[in-house]
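Okay, thanks for making time, everyone.

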Amino acid sequence: MMNDSPPRPARRAELLAAGAAAVTVVLWASAFVSIRSAGDAYSPGALALGRLLAGALTLGLICLLRRETWPPRSAWRGIAISGVLWFGFYMVALNWGEQQVDAGTAALVVNTGPILIALLGSRLLGDPMPPRLLAGMAVSFAGAVTVGLSMSGEGGSSVLGVVLCLLAAIAYAGGVVAQKPALGTASPLQVTTFGCLVGALVCLPFAGQLVQEAAEAPASATLNMVYLGVFPTALAFTTWAYALSRTTASRMGATTYAAPALVVLMSWLFLGEVPGLLTLVGGALCLAGVAVSRSRARAGSPGAVPESRPERASDSVR
């Protein structure tokens with residue numbers, strides 16, 4: 001009888017990538033709580049710049065300790081584009097958008113990001129679109145819509161806020177797709193560190209606001225901003241890049257649909273926001289969709305599509 005299970009080294013690499021993706025999603029979900037706290041004292045641009053500076057400092061220290069070199073020239077285009085779109089524009093637009101719309105509307109609009117990633121990844125990167133991935137994304141998006149509708153307040157939305165959240169979703173998708181090729185020649189740490197630096201440079205016009213608001217902000221808000229930089233940015237973006245370098249952009253985008261369910265749980269635990277039945281159902285759908293999208297069809301079964309794996313000079317963790 002033929003054994004269709006992957007060899008042990010490949011299985012280990014797959015588990016490491018899945019673990020890195022899980023760390024990313026958990027930390028990005030936790031950012032919701034911190035943004036809610038820090039956003040009361042910091043304006044959108046100042047919060048984004050402070051977060052990126054904290055992240056860049058953390059990543060820079062890690063690079064020095066690891067004696068990380070500069071990324072190769074071939075990786076700089078992807079690093080620069082992802083830095084401008086994802087680390088810079090996305091963070092400012094999302095912070096601003098969430099001040100204009102209620103949380104439910106923001107969740108609905110921003111969660112179009114994984115769908116855009118799948119479309120762009122298929123078009124520009126040649127990512128496969130197996131039926132299980134498409135089905136899982138459909139289930140997860142239905143869950144995100146359910147969560148969003150259950151959290152939406154009356155009269156809490158504006159056209160500007162919806163547009164900003166949509167622009168954030170587009171920037172997120174474009175940044176992920178641009179980052180993917182860079183990971184073929186540069187390490188996840190290099191791509192994250194220099195992308196974060198590029199994002200910080202883009203946000204430098206908000207430096208004056210950051211200095212003024214930091215002088216008046218309560219310590220808890222500033223600590224939350226630092227937390228956003230160290231964990232959901234420095235650590236989570238690095239684990240994201242590590243996982244992305246070992247799978248497709250479409251599959252990684254689908255994984256982020258677990259975030260709404262975790263946000264509901266964390267808001268319940270840390271903010272005392274008790275979810276309703278509809279919210280819980282939506283969160284369960286998000287998790288179910290992620291499980292389907294990350295599952296694999298049995299070899300030889302109809303619709304089984306082999307997942308392409310990026311070529312790298314080395315598969316060791318850098």
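Let's start with leucine 280, which is partly exposed at a relative accessible area of 41%. On that scale, buried is under 20% relative accessible area, exposed is over 50%, and partly exposed is in between, using a 1.4 Å probe and protein chains only. Leucine 280 sits in helix 13, residues 277-294.

Quick housekeeping. This is a predicted model, so local features need pLDDT of at least 70 and side-chain atom pairs count only at pLDDT 80 or more, while totals for chains, interfaces and linings use all residues. Residues are numbered from 1 along each chain as its sequence is written, and side-chain values use heavy atoms, with hydrogens and water left out.

Now the overall layout. How many helices and strands does the protein chain have? It has 13 helices and zero strands, and the pattern along the sequence is α-α-α-α-α-α-α-α-α-α-α-α-α. Of the 318 residues in the protein chain, 49% are buried. Take contacts, meaning heavy atoms within 4.5 Å. Among those in the protein chain between residues at least 6 apart in sequence, 92% join residues at least 24 apart. The protein chain exposes about 14900 Å², with carbon and sulfur atoms supplying 68% of that; the areas are Shrake-Rupley with a 1.4 Å probe, and for residues only the protein chains shown count as cover.

On to the core. By nonpolar core I mean a set of buried Ala, Val, Leu, Ile, Met, Phe, Trp, Tyr and Cys residues joined through side-chain atoms within 4.5 Å. The largest one has 59 residues, and Tyr42, Trp86, Tyr90, Val176 and Trp240 touch the most other members. Elements giving two or more residues to this core include helix 1 (8-38), helix 2 (44-66), helix 7 (159-182) and helix 10 (219-244). Which helix gives the most to this core? That's helix 10, with 11 residues. Apart from this core lies another one of 11 residues, among them Met137, Ala144, Tyr257 and Ala258.

Zoom in on tryptophan 86. Leaving out residues up to four places away in sequence, tryptophan 86 touches Trp28, Ile81, Met91, Ala171, Tyr172, Gly175, Val176, Gln179, Phe237 and Trp240. Ring pairs also link Trp86 into a cluster with Trp28, Phe87, Tyr90, Tyr172, Phe237 and Trp240.

So what counts as a ring pair? Rings of Phe, Tyr and Trp (its six-membered ring) pair if their centres lie within 6.5 Å; planes under 30 degrees apart are stacked, over 60 edge-to-face, and the rest tilted. The count comes to 13 aromatic pairs. One of them is tryptophan 70 with tryptophan 76, a tilted pair at 6.2 Å centre to centre and 35° between the planes. Tryptophan 70 is exposed at 64%, whereas tryptophan 76 is partly exposed at 28%. Tryptophan 76 also pairs with phenylalanine 194, and because the centres are 5.3 Å apart with the planes at 70°, that pair is edge-to-face. Tryptophan 76 is in helix 3 (residues 76-100) and phenylalanine 194 in helix 8 (residues 188-202), so the pair ties together parts 118 residues apart in sequence. Phenylalanine 194 itself is buried at 12%.

Over in helix 1 there's serine 34, buried at 5%. Skipping residues up to four places away in sequence, serine 34 touches Asn224, Tyr227 and Leu228.

Last stop, charges and cysteines. Side chains of opposite charge can pair when their charged atoms come close. With a salt bridge taken as a side-chain nitrogen of Lys or Arg within 4 Å of a carboxyl oxygen of Asp or Glu, the count is one. Glutamate 68 and arginine 66 form a salt bridge at 4.0 Å, N to O. Glutamate 68 is buried at 18% relative accessibility, and arginine 66 is partly exposed at 43%. As for disulfides (cysteine sulfur atoms paired within 2.5 Å), a search of the whole structure finds zero. Cysteine 63 is buried at 10%, and cysteine 286 is buried at 0%.

How values were computed
Helix = DSSP H or I, 4+ residues; strand = E, 2+ residues; numbered from the N terminus.
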